Amino acid sequence: MATETPPPATPGPPLPSTEEFIEVQQSAEFGELRRSYRSFAFPLTVAFIAWYLLYVLLSNYAGGFMGTKVAGNVNVALVLGLAQFLTTFLIAWWYAHHAAAEFDPRAEAIKSRMEGGA
């Protein structure tokens, strides 16, 4: 079986120097981008972990409550377990939309300046 050699990589623009990376990292614009990301992601992460731990603790220590029938054979444990999946997908969707609107344009502006496009 013959394999082909991939074509040579086309040279792109030169990479920024270490000093340029450090300068951008210490800039107010990058600091604001980092702060806005952290102020969104960290509280959401803490809230989801607390919600998950509540489910685990209820499952371990509140068996009677978790076994309460809601409708037919559906109990509170099943509803809360499915809610875990729902909140995971909602958080992922919310983050994707928030990042596309808030983080990505600012990050792209910083990147284009670093690459010499602005």
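**A walk through the protein chain**

Of the 118 residues in the protein chain, 15% count as buried, where buried means under 20% relative accessible area, exposed over 50% and partly exposed in between (1.4 Å probe, protein chains only). Please keep in mind that this is a predicted model, in which local features need pLDDT of at least 70, side-chain atom pairs count only at pLDDT 80 or more, and totals for chains, interfaces and linings use all residues. Residues are numbered from 1 along each chain as its sequence is written, and side-chain values use heavy atoms, with hydrogens and water left out.

Let us begin with the overall layout. The protein chain holds 4 helices and 2 strands, arranged along the sequence as α-α-α-β-β-α. Helices (H or I, at least four residues) and strands (E, at least two) are DSSP runs, numbered from the N terminus. The C-alpha trace spans about 65 × 55 × 25 Å along its principal axes.

Now turn to the surface. Its accessible area is about 9,100 Å², with 67% belonging to carbon and sulfur atoms; such areas come from the Shrake-Rupley method with a 1.4 Å probe, and for residues, only the protein chains shown count as cover.

One part of the surface deserves a visit: Val70, Val74, Leu78, Val79, Leu82, Phe85 and Phe89 form a nonpolar patch with about 670 Å² of accessible area together. Val70 lies in strand β1 (residues 69-71), and Val70 counts as exposed because its relative accessibility is 52%.

Terms used
Patches are made of residues with over 30% relative accessible area and no salt bridge: like charges are joined within 9 Å, nonpolar side chains (Val, Leu, Ile, Met, Phe, Trp, Tyr) within 5 Å. A salt bridge is a side-chain nitrogen of Lys or Arg within 4 Å of a carboxyl oxygen of Asp or Glu.
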